[in-house]
Amino acid sequence: AMAGPYAPEYSVERTGRGAEIVLVLDRSRSMDQGFAPSRPPPSAAGRGTGPEALDYYVSQTPGRLRESKGKVARQLLAEFTAQRPDDRFALVVFSTLPMRVLAFTQKAEVIQAAIAAGNVGRGLSETNIGLALDAALELFADRPYTGSRIIMLVSDGGDRLDPDTRERLSHLARKQRVSIYWLYLRSANSPSLKLSAQHSPAAADSVPELLLHRYFESLETPYRAYEAGDSQALQQAIADVNRLEKLPITYQDLVPRRELAPVLHGLALLAVLLLTTARLVEIRRWS
């Protein structure tokens, strides 16, 4: 036991039903800002899915008005992953550069810890969604296609992608057969992803959110956008993802090494007890 013996780690092939999902979380400085509404919160019946939805969502719990978009985003992701126990999740956070926080795993405790870890520090002033999506798509490289693949982008803004980046992302999305979901945390002063009479004709070619939305729509892969962060929009996203559960997922699960010292300590204790018992029942000869 003092030598510290152990059974080595090994891989086990497991099969389940679900999807492989890469969570791409914006950690820019704008995500540190709050959702304070500029008008009284609307009723639940009239909140819809626009900026009023966020006003309603943040007004339901005392203290929510001062919570940052990043905190709300992590709450949404924590709820989302908790309701998807059969999926495998990976996590990428980004601002100027992407950071791969978590590789694909099905372990709920690890996923929740990785999401919570994004609360450390403050974000940078710039964002590069193109590099973040590139890093997310690369996570699927050299992996067998055994189930639905999804990239879930959680951000409060868009980005202008240069032609080379657009072509590369388009190629990787087709090659990896990945669906894209965008949870757009739209605040009261943010533009909508849908053009209306209030938009000028040049808005579609100048507003980063509209540019990114139009680019996603031009891809030859499934794409959906959600313009709110309330529980209703989250449930709709979960329902849509559930419809992608059509194929079983076969994956290698790493079983950690098992320490054998406790077993040997138990055997040593048993041996001591046997010796002690034998000593107590020993019949001494009278001298």
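Modeller: Start with the surface. The chain exposes about 15,900 Å², and carbon and sulfur atoms supply 55% of that area. Keep in mind that this is a predicted model.

Colleague: What share of the residues counts as buried?

Modeller: Of the 287 residues, 44% count as buried. The cut-off is a relative accessible area under 20%.

Colleague: How many helices and strands does the chain have?

Modeller: Eight helices and 10 strands. Among contacts with a separation of 6 or more, 79% join residues 24 or more positions apart.

Colleague: What makes E4 and E5 a pair?

Modeller: Two strands pair if there are at least two bridges between them. E4 (residues 88-94) and E5 (residues 98-105) are joined by five bridges, so they meet the definition. The two strands run antiparallel. A hairpin of three residues connects E4 to E5.

Colleague: Which residues of E5 stand across from Val 92 and Phe 89?

Modeller: Val 92 has Arg 100 as its bridge partner. Phe 89 stands opposite Thr 105.

Colleague: Why are E5 and E8 called edge strands?

Modeller: Look at the order of the six strands: E5-E4-E3-E6-E7-E8, an open sheet with mixed pairing. E5 and E8 (223-226) each have a single partner strand, so one side of each lacks a neighbour in the sheet. On average, neighbouring strands are turned by 15° against each other, direction ignored.

Colleague: Which helix packs on the sheet there, and what does the helix touch?

Modeller: Helix H3 (residues 108-116). H3 touches strand E3 (19-26), E4 and E5. The direction of H3 makes about 170° with that of E5.

Colleague: How do you know that the length of H2 agrees with its residue count?

Modeller: Helix H2 (residues 69-82) has 14 residues, and at 1.5 Å a residue they should span 20 Å. The end C-alpha atoms are 20 Å apart, so the two values agree.

Colleague: Why is H2 called mostly covered?

Modeller: Count the buried residues: 11 of 14. Among them are Lys 69, Arg 74, Leu 76, Leu 77 and Phe 80. Gly 70 and Thr 81 are buried too.

Colleague: Now the charges. How many salt bridges does the structure hold?

Modeller: Six. One of them joins Arg 143 to Glu 20.

Colleague: What makes Arg 143 and Glu 20 a salt bridge?

Modeller: The limit is 4 Å from a side-chain nitrogen of Lys or Arg to a carboxyl oxygen of Asp or Glu. Here the closest N and O atoms are 2.6 Å apart, so the pair qualifies. Arg 143 sits in the loop between helix H4 (129-138) and strand E6 (148-155), and Glu 20 sits in strand E3, 123 residues away.

Colleague: Is Glu 20 buried or exposed, and how does Arg 143 count?

Modeller: Glu 20 has a relative accessible area of 2%, so it is buried. Arg 143 is at 26% and therefore counts as partly exposed.

Colleague: What distance puts Glu 20 and Arg 149 in a salt bridge?

Modeller: 3.9 Å, N to O. The limit is within 4 Å, so this pair also passes. Glu 20 lies in E3 and Arg 149 in E6, so the bridge ties together parts 129 residues apart in sequence. Both Glu 20 and Arg 149 are buried.

Colleague: Which residues make up the network of salt bridges?

Modeller: Glu 20, Arg 143 and Arg 149.

Colleague: What about Glu 282 and Arg 279?

Modeller: Their side chains meet at 3.2 Å, N to O, in a salt bridge. Glu 282, at 43% relative accessibility, counts as partly exposed. Arg 279 is partly exposed as well, at 47%.

Colleague: Last one. Why is Arg 224 called partly exposed?

Modeller: Its relative accessible area is 41%. Buried means under 20% and exposed means over 50%, so Arg 224 falls in between. Arg 224 belongs to strand E8.

Colleague: Which residues does Arg 224 contact, leaving aside neighbours within four places in sequence?

Modeller: Ile 180, Tyr 181, Trp 182, Asp 240 and Arg 243. Arg 224 and Asp 240 are 16 residues apart in sequence. In space, C-alpha to C-alpha, Arg 224 and Asp 240 are 9.0 Å apart.

Key:
Residues are numbered from 1 along each chain as its sequence is written. This is a predicted model: local features need pLDDT of at least 70, side-chain atom pairs count only at pLDDT 80 or more; totals for chains, interfaces and linings use all residues. Side-chain values use heavy atoms; hydrogens and water are left out. Helices (H or I, at least four residues) and strands (E, at least two) are DSSP runs, numbered from the N terminus. Axes are lines fitted to C-alpha atoms, for helices over the stretch in contact, and angles run from 0 to 180 degrees between N-to-C directions. Contact means heavy atoms within 4.5 Å. Buried means under 20% relative accessible area, exposed over 50%, partly exposed in between (1.4 Å probe, protein chains only). Accessible areas come from the Shrake-Rupley method with a 1.4 Å probe; for residues, only the protein chains shown count as cover. The expected span of a helix is 1.5 Å times one less than its number of residues.
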